[in-house]
Amino acid sequence: MTEKDRIAEVFRNRTVFITGGTGFLGKLLIEKLLRCCDVKKIYLLVRAKKGKMPQERLSDIFSNMLFDLLKSQQPTSVKKCEIIPGDITQEGLGISLEDRQKLQEEVEFIFHSAASTRFDDTVKTAVKFNTQSTNELLNLAEKCTKLKTFVHVSTSYAFPKEKVLYEKSYKPPEDPHKVLDAVKLGQDEEIEGLIGDCPNTYTFSKALAEGLVSERMDKIPAIIVRPSVVCPVWREPLKGWCNNLQGPMGLFVGAGKGIIRSMYMKGDSYADFIPADVAINGMLTGVWNFLCNSDKHRVINVTSSSEYNLTWEEILELGKKIIYNEVPLNGAVWYPGGSTKKSRFVHNICFYLFQIVPALIIDVLLMVLGYKPILFQIQRRIQKGSEVFEYYTNKAWNFSNMKLLEISAQMSESERNRYKLEGEGIDLDDYFRNCVLSVRRNNLKETDDTLPKAKRHMKIMWFVDLCCKVLLISTILYQFVWKTYART
């Protein structure tokens, strides 16, 4: 007899509304709900983007290989999804009165995962995406007559001043209503000054959003889920899958292509990362715990704490080893090398000497040959992406995830296997090998039949790199010996 899946039962034949459904976590949430939870309906808030209307973007979502397993097992399940045209930055979420009425009458679960994760947004832009949108969703949630749970997807980095982030609500750095009023009145100068000593606009706006959710918990059945650095899928539905090249995977690709030669990082900073499928499981089991268990948790940190016991430097070295020896990337411009630097001064010297200068030289050659220069702009994007990642890697972060572990302990063995919340059993070598393979196939569109060619190219780049180093050292020694001889 098959053991009952109590988490799936919570969502069975229920109606769900999701923001951020076109994003990394959003796609995975849709897939998991359809494949494992037999939901009745999923409404997706989607805006027009890059000339594509919302309905076209829905087709793009399901054309992704992430949904291949679902479509093979339940080919008609995608019909359960319906687009609600709108925009999280607009008043009332840009939803029509007809659609709003439909949501208020039908929706039982709301997952708010839409956000801007850029660290260089202006305060106004970050607040519109991350704080104002949350306020609008809460306003909608209050009028949903069947609402069972509102899930706010936050981040475990929203309160960087806390030495240990516990699973509780914290006071935001500024009154969120004051900030929202300033945005509404268009007081740009005042808005930019409200950030105070917060390290970036992302954490500032996410902390404000948490404040809004916490103050309405007496009116709305809301929970807050805080993932740490979200990395590619560990187990299912597609090992190693990720939607973009942000975070560690972008660094793996940059280093694997020979473009990144230096990274500023404190070697003793432990890596708190969470596979994306574990983050989704944290959301679903968090809802189950809130609705069905006596010890109801309103705030859950979906973090690994010291579970993996690896520093970011060790993770990057592991990625380099896999790319060197097992899964090289096509078209490497140089043999992958470089290293992490504990001194920003040394890193800046190496960055400009070994990344910017070569990029400029190659771009000049491209222009001479009649091609469009690209490498300098790539290096600038890498620099911006590295600055974002440095925020996570150059500080000792401590998160309490006791409530997550308590939820796991309340699950049956089959539920713990289906909704994995802990890293027990993870083989990090295998995990990152799958990540690189998936990025190679899905993001870079490099097929497996090109691996032998990539390995041969890697050997050639190794020999060229060695020859250049020998030539450089020989030139330096020759100059030194020649000058010494000339003096005598």
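The following questions and answers go through selected features of a predicted model.

Visitor: What pLDDT do local features need in this predicted model?
Guide: Residues are numbered from 1 along each chain as its sequence is written, and side-chain values use heavy atoms, with hydrogens and water left out. In this predicted model, totals for chains, interfaces and linings use all residues, side-chain atom pairs count only at pLDDT 80 or more, and local features need pLDDT of at least 70.

Visitor: Is Thr 89 buried or exposed?
Guide: Thr 89 sits in the loop between strand S3 (81-85) and helix H5 (97-106); helices (H or I, at least four residues) and strands (E, at least two) are DSSP runs, numbered from the N terminus. Buried means under 20% relative accessible area, exposed over 50%, and partly exposed in between (1.4 Å probe, protein chains only). The relative accessible area of Thr 89 is 15%, so Thr 89 is buried.

Visitor: Which side chain makes a polar contact with the side chain of Thr 89?
Guide: Leaving out residues up to four places away in sequence, Thr 89 touches Lys 128, Phe 129 and Gln 132, where contact means heavy atoms within 4.5 Å. A polar contact is a pair of N or O atoms within 3.5 Å; within protein, one must be able to donate a hydrogen and the other to accept it, and residues adjacent in sequence count only if both atoms are side-chain atoms. At 2.9 Å, the partner of the Thr 89 side chain is that of Asp 87.

Visitor: Where does helix H6 bend?
Guide: Helix H6 (residues 123-142) has 20 residues and reaches 27 Å from its first C-alpha to its last, close to the 28 Å expected at 1.5 Å a residue; the expected span is 1.5 Å times one less than the number of residues. Of its 20 residues, 14 are buried. The bend at a residue is the angle between axes fitted to the seven residues ending there and the seven starting there. In H6 this angle is about 35°, at Phe 129.

Visitor: Are the rings of Phe 62 and Phe 67 stacked or edge-to-face?
Guide: Rings of Phe, Tyr and Trp (its six-membered ring) pair if their centres lie within 6.5 Å; planes under 30 degrees apart count as stacked, over 60 as edge-to-face and the rest as tilted. The whole structure holds 14 aromatic pairs. With centres 4.9 Å apart and planes at 65°, the pair of Phe 62 and Phe 67 is edge-to-face.

Visitor: What is the angle between the planes of Phe 159 and Tyr 170?
Guide: Both Phe 159 and Tyr 170 are buried. Their aromatic pair is tilted, with 5.2 Å centre to centre and an angle between the planes of 35°.

Visitor: How far apart are the C-alpha atoms of Pro 221 and Arg 298?
Guide: Pro 221 lies in the loop between helix H9 (201-215) and strand S6 (222-227), and counts as partly exposed because its relative accessibility is 23%. Its contacts beyond four places in sequence include Phe 290 and Arg 298. Pro 221 and Arg 298 are 77 residues apart along the chain, and their C-alpha atoms are separated by 8.9 Å.

Visitor: Is the peptide bond from Glu 236 to Pro 237 cis or trans?
Guide: Most peptide bonds are trans. Pro 237 is in the loop between strand S7 (229-231) and helix H10 (248-256). For the bond from Glu 236 to Pro 237, omega is near 15°, and the bond is cis.

Visitor: What is the phi of Asp 38?
Guide: Most residues other than glycine have a negative phi. Asp 38, in the loop between helix H2 (24-36) and strand S2 (41-46), is partly exposed, as its relative accessible area is 35%. Its phi is positive although Asp 38 is not a glycine, at about 50°.
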